[in-house]
Every structure is written in C-alpha cells, then in structure tokens.
Amino acid sequence: MAYTMLDNTAIRQRNYAPYTLEGAALSFIRECCEGLRFDKNKAVSISDDNLDLDGASLKRNQIPFNMEKDIDRLCFENAVDRFLRSGRKEDAFDVYFCYLEMYVGDYEKTRRMIELLSEFEANGSGLLMKHRDHYSHSVYVFILGMAIFGSNKVFREDYKKYYGIQDEHEAAAHYLQYWGLSSLFHDIGYPFELPFEQVCSYFEVDGNKREDRPFVAYHALDGFVSIDEDTKERISKIIGAKSFSTTDELFAFWLAEKLGDPYGFTEEQMLAFLVGKPTQPDKFNHFMDHAYFSATVLFKKLFSEMQLDINSAHLDALTAILMHNSLYKFCIAHYKSDKNKPFKAKLHPLAYMLMLCDELQCWDRTAYGRNSKKELHPMGCTYDLSNDQIRAVYVFDEKEMAKVNRFKDEYIEWMQGPEGRKTPSLKAYSGMYVKKNSMSDFQGDIERIVDLSDMGLSVETGLAEHVHAGNRSYLSDSNFINLYNFAVVLNGRWENSDWKKAKAAGQEEQFFNNENIMNGFSENFKALSLEYKLSNINQAKAFAKYMNQIDCFYTDKSVDFELVDKFSAAELVKIGLLEHQRWLQEHYDMGWTYGTPDRDKRDFERKHKDMIPQFTGFDVSDESAKANYERLDKETQDKDTDPMECMLAMLKMFDGLRIYRLN
C-alpha cells in the first residue's frame with residue numbers, strides 16, 4: 001500500500017515504464033516514500049480502529065493527521081507529474097511550493113528566493129551573450145536525482161551508509177528532504193552572477209579576453225556572511241566547541257573535514273577561496289560563482305531569519321550547493337589537470353548527485369542569452385535507469401534537421417583535411433554527437449567531475465517531434481510573479497461578502513488595497529491544507545488557458561485591441577464549463593469520488609456531491625464535464641465563474657496587466 005491512509009483504488013496508477021525518468025521518479029515518491037512525514041504515534045492506516053482527527057483539510061481537525069501527510073505526498077506526486085508532462089514554468093512553481101510547504105513551512109517567508117530568480121532571469125538575461133533558464137532546470141535536477149536514487153542501488157547504499165540509515169523508507173524520506181534542499185535551491189544565487197555577466201557582455205568584443213574588460217565585484221559583505229549568536233549556539237550543538245563568525249568560516253571547516261584529506265587542501269586554504277569568490281573574481285578566471293551566493297542566501301534565510309533547526313545534513317546540502325559550480329572543479333579537484341580525481345559518492349552523496357544531475361540536465365531549458373538562442377540544445381531526454389546504469393538519449397527537434405545535416409557535412413569535410421581549420425561546432429549537439437574513443441566531450445566532461453565507475457553512463461543523440469507540442473504556452477503573457485497572491489485572494493473572497501459589493505460598485509482596487517482584508521485573506525489561506533492551497537493556485541494558473549479559449553489574452557504591453565472590462569454571458573458559460581472540468585480532473589487526480597456524505601465528513605470520506613455520478617476512470621472528457629455541469633444548480637455553477645471575474649480585477653491590481661479581445 002503506497003498510501004496507507006487513503007483508498008488506493010481511487011488513485012490513478014501511473015503507466016510510465018519503470019526505469020524511465022518519469023517512471024522512476026514517480027515510483028520513488030509513491031513506493032519508496034511510504035509513510036512520509038508520518039507521526040507514528042497516530043493512526044498509520046485508514047483501517048485503524050482509533051482514528052484521530054488532528055489533521056487539516058479545508059479546516060483544522062477534519063481528518064487524521066497522517067491522512068493529511070499522505071494527501072500532501074499525493075499533491076507532490078501530481079505536481080511532479082504535471083511538470084514532467086508540460087515542462088512549463090508555472091508547473092515548476094507547484095513543485096517548489098509543495099516542497100516548501102512540506103519541509104520549510106509558510107511559503108510567504110521563502111517565496112522571494114525562488115520568485116526573484118524567475119523574474120530576474122526572464123527580464124535581465126536577454127542582455128547576456130550566454131544564459132539559459134535555471135528555474136525549471138532546478139526542478140528537473142530535483143526529479144532526476146529522485147529517479148536515480150530510486151532506481152540505483154549502488155548510490156542508494158552509499159547514501160544509507162554515509163548517514164547510518166538501514167530502513168529503505170526512512171532513507172528515501174531523508175533523501176527527499178535534503179536532496180530537495182540541495183537541488184531546488186542550488187541556483188537561487190544567480191541574481192548575483194547575472195549583473196556580473198551583463199557588464200562582461202556590454203564590453204565584449206570579438207577576440208578580446210575577460211581580463212581586459214571592466215568587471216563587477218561585491219564588497220560590504222560582513223552583514224551578509226555573519227552568523228548571529230543564536231545560530232552560532234545551534235551550530236555548536238552539531239560541531240562542538242569550535243565557533244564560527246561567518247558562513248565562509250563554517251563552510252570552509254565543513255568542506256575541509258569532508259574533503260580536505262582526499263583532495264589535499266586545508267581549512268585555511270578553503271576559507272581564502274570562499275572569501276575571495278565574491279570580492280576578487282579576477283583571481284578566479286574572471287567569473288562570478290553563483291553557487292557561493294546560493295549557499296549563503298539559503299543559510300541566512302532558513303537558519304538566521306526563519307530560525308529553523310539546523311543539523312549536519314543541512315550543512316551537507318549547503319556545501320553541496322556551494323561546490324556544484326566552479327569551487328569543486330577549479331579550487332578542489334582541478335578537474336582539467338592530470339591530477340584530477342573524479343568525485344566519489346561516498347565522500348559527500350548530496351554533492352555527488354548535485355554535480356551529476358546538474359551536468360546531465362541540459363534539456364528543455366529556455367535560452368535567454370543572445371548567442372544561446374542561436375545554438376541547438378536538446379528539447380528532451382529519454383532515460384533508461386535499469387541495472388544501476390544511466391543511459392541517456394538527448395532528443396533534438398526534428399525541425400532542426402537541416403541545421404544538423406549542415407553541421408554533419410561540415411564536420412565530415414573537416415575530418416578529411418583538419419589542418420589549420422577550426423573544428424565545426426553546433427552547440428550543444430556537436431558536444432554530444434561527436435565521439436573520440438567512443439566518448440563524446442559532453443560525457444567525458446561529466447566523467448572527469450564525478451566517478452561513474454560503479455554507475456555506468458552512456459550518452460546518445462536523437463531527433464523527434466517537439467516533446468511539448470500543443471501544451472506549452474498561450475498568447476497571454478505574464479511572469480506570474482503574483483501567482484501566490486492570486487491564490488490567496490481567490491480563496492479569501494469565498495467567505496467575504498464585501499467582495500461582491502465592491503465588484504458591483506466598481507471598487508475592486510480599493511477592496512484589494514484594504515490591508516485588513518488582505519491580511520485576513522493571507523491568514524485564512526495559511527490555515528488551508530496543501531491540497532486546498534494548490535487548488536487555488538491551479539485555478540489561477542488556468543486563467544491563461546481560459547482566455548485562449550474565448551479569444552482573449554492578457555499582457556502588460558500597450559496593444560491595439562479591444563480592452564475587456566467584463567466578460568459576456570456566453571464567455572462566462574464557456575469559462576464555467578472549462579473551470580468545472582479542471583475542478584473535476586483535479587479531484588479525480590487526488591482520489592475523490594462521487595458521494596453525498598454530510599459536509600463535516602466530506603473531506604474524510606473524500607466524496608463530493610458535485611462530482612460525476614457513476615463515473616469510472618480518471619480522465620474527465622469535455623462531454624462528461626459538460627453533462628455534469630448542466631445538472632448542477634445555478635448557485636453551484638456560479639462557483640466556477642465568479643473566480644474568473646475576480647481574476648480580471650486582480651490582474652490589473654497585482655501584475656499591471658490588461659485583458660484584450662483578439663477580434
């Protein structure tokens with residue numbers, strides 16, 4: 001039983017092959033993580049005679065505590081599946097949100113870390129010569145690491161031995177928590193690196209070197225790296241009498257303890273590297289290391305600002321982040337030298353997995369930089385993770401066949417007479433396609449970084465139809481930095497009678513500017529379970545799709561189209577049908593079925609009267625949704641249209657967007 005507190009027959013069975021990326025990752029969540037975050041002193045099975053009601057659903061104390069934890073895990077599983085199917089940034093958001101709610105708590109306190117990365121990349125990276133997405137990339141890295149852990153016994157045994165864990169489920173739960181911290185936040189320091197690269201790009205001239213250009217360095221970092229007294233005391237419980245005044249000192253000590261002997265460096269040498277990273281980039285080949293800032297920002301946010309408990313696994317996660325970019329490659333291992341020793345998992349499993357997955361995850365990444373947009377990058381990757389191996393086939397868009405064939409012709413011609421001629425290149429295709437001694441440069445580089453002698457790697461290339469054709473984006477354009485705000489208001493307006501009055505009077509902006517109302521909405525939202533929070537978030541995300549269906553779109557640009565200030569009756573009917581179908585599908589995905597229990601038992605029994613009677617299966621068709629919608633009374637139907645009218649007002653308020661009609 002994967003979900004011991006739920007009816008597993010009501011939960012969709014995944015049809016992915018077991019050793020694919022999708023199959024291995026989702027199986028890890030469902031099978032390996034059974035009992036995730038359970039309190040073993042409370043009921044651990046739905047058949048338990050003494051069920052508690054200590055868990056939250058729509059309200060507190062509606063369901064058993066461990067049922068809430070199982071529902072959280074199913075939310076997480078569905079979020080991962082949604083993202084793998086779409087590759088959309090909006091669906092990557094759900095994965096971040098689930099992780100933060102499950103392991104950190106209170107998304108409002110941590111949201112800036114990840115939202116800033118997304119916003120900064122989308123708006124600032126176009127000024128760079130080379131840059132690709134790191135927001136969705138981090139979610140792919142997270143998922144790939146789960147898939148490898150779940151399918152690869154060699155790594156799993158190294159991890160269990162390193163942390164002294166015997167039980168498989170306990171090891172999986174431990175890994176999910178600390179791997180999530182390492183992978184999802186390993187690039188949150190990019191807003192520090194991007195300005196550095198923007199200055200480099202501004203002064204770039206063909207043939208010149210970085211050392212000949214102006215560069216950015218960071219100073220006045222004392223407050224940024226300092227450790228407060230309370231956090232020092234908590235760290236001393238992990239390490240002992242040794243005291244650390246800065247994160248630089250703490251990280252230098254931890255890395256020297258783990259890796260100093262095998263790689264021949266001292267704590268003092270590592271400290272000098274860390275102090276110099278932000279202040280003297282000229283000593284590090286004129287590059288700024290975002291990993292340094294990612295680790296430091298995460299430490300300050302979680303353990304200084306939020307005062308979360310800290311343990312040795314947290315320090316492993318932070319130092320894994322610290323090493324994943326250039327620190328390990330050029331300051332520890334000198335991986336391009338003859339003295340290079342590929343990194344072994346047993347030394348630091350989280351760092352090993354992060355370096356491996358960060359290199360492997362180069363598919364489906366939006367290109368922002370001017371040169372990056374011209375290059376040919378893989379749109380997808382198919383994995384075979386069976387037999388403790390990693391076999392990757394990087395898939396390129398078959399519409400780029402002409403570009404690929406042109407490169408192959410140029411390369412064949414070059415091989416016939418290479419003297420004095422530049423080697424033809426088609427990044428990243430050529431780095432994977434061209435092989436020397438049966439190994440591409442792409443694979444060779446990875447094997448110089450991490451030791452794959454016990455975990456074989458093979459890399460191939462292929463061509464196919466675009467993997468996300470038909471489900472990628474809509475005409476509506478927004479960075480959705482306020483997605484969380486939309487969800488808070490969509491939920492809050494349900495029980496606020498003043499909203500309809502403000503709407504009828506055309507005073508929506510004044511309503512949303514009322515601090516007391518908004519604070520109340522925020523507190524109400526925080527009291528919801530993860531399932532209901534995600535339901536509101538996904539309702540907000542669906543708005544772009546609905547606009548597409550009624551030939552409307554929203555944008556922050558001034559365009560010469562008819563401005564929409566309200567929807568027509570016909571448009572609202574169409575939106576209502578679409579929203580009802582989304583609501584139904586969401587509930588079937590979460591194991592709900594049709595039923596008419598008393599309202600106070602609805603969330604425990606997971607049955608709802610507005611679902612489809614006598615429905616079998618899991619996928620809700622347009623026809624089934626329409627028939628069910630038409631059987632509902634007008635008041636119930638309005639529940640599917642009212643939120644969309646609320647979204648019209650919120651878009652103007654939070655995102656500065658306006659809605660237009662195409663015709």
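At what angle do helix 5 and helix 16 pack, and how far apart are their axes? Keep in mind as you click around that this is a predicted model.

**Stop one: helices 5 and 16**

Select residues 135–151 for helix 5 and residues 349–360 for helix 16. They pack at an angle of about 120 degrees, and their axes are 9 Å apart. That angle makes helix 5 oblique to helix 16. Turn the view to look at the crossing of the two helices, and you'll find that it is right-handed.

Now show side chains. On the helix 5 side, pick His137, Val141, Leu144, Gly145 and Ile148. Their partners in helix 16 are Met353, Leu354, Leu356, Cys357, Asp358 and Leu360. Colour this contact by residue type and you get eight nonpolar, two polar and one charged.

**Stop two: helices 13 and 14**

Next, select residues 290–305, which is helix 13, together with residues 312–323, which is helix 14. Here the axes come within 7 Å and cross at roughly 155 degrees. Because of that angle, helix 13 counts as roughly antiparallel to helix 14.

For the contact itself, bring up Ala291, Tyr292, Ser294, Ala295, Leu298, Phe299 and Phe303 from helix 13. Facing them in helix 14 are His314, Leu318, Ile321 and Leu322. The tally for this contact is nine nonpolar, two polar and no charged.

Switch to cartoon view and look for an open sheet of three strands, in the order 6-10-7. The pairing is antiparallel. Strand 6 (552–555) and strand 7 (562–563) are at the edges with a single partner strand each, so one side of each has no neighbour in the sheet.

Zoom in on strand 7 and strand 10 (residues 658–661): two bridges join this antiparallel pair.

**Last stop: Tyr588**

What does Tyr588 touch, leaving out residues up to four places away in sequence? Select Ala10, Met611, Ile612, Phe615, Phe618 and Val620 to see these contacts. Finish with a distance label between the C-alpha atoms of Tyr588 and Val620: they are 32 residues apart along the chain, and the separation is 8.4 Å.

Note on methods:
Residues numbered from 1 in each chain as written. Predicted model: local features only at pLDDT ≥ 70, side-chain atom pairs only at ≥ 80, totals over all residues. Heavy atoms only, no water. Axes fitted to C-alpha atoms, helices over the stretch in contact; angles between N-to-C directions. Helix = DSSP H or I, 4+ residues; strand = E, 2+ residues; numbered from the N terminus. Parallel < 35°, antiparallel > 145°, perpendicular 65-115°, else oblique. Left-handed = near helix turned anticlockwise from the far one by under 90°. Contact = heavy atoms within 4.5 Å. Nonpolar A, V, L, I, M, F, W, Y, C, P; charged D, E, K, R; others polar. Pairing = 2+ DSSP bridges.
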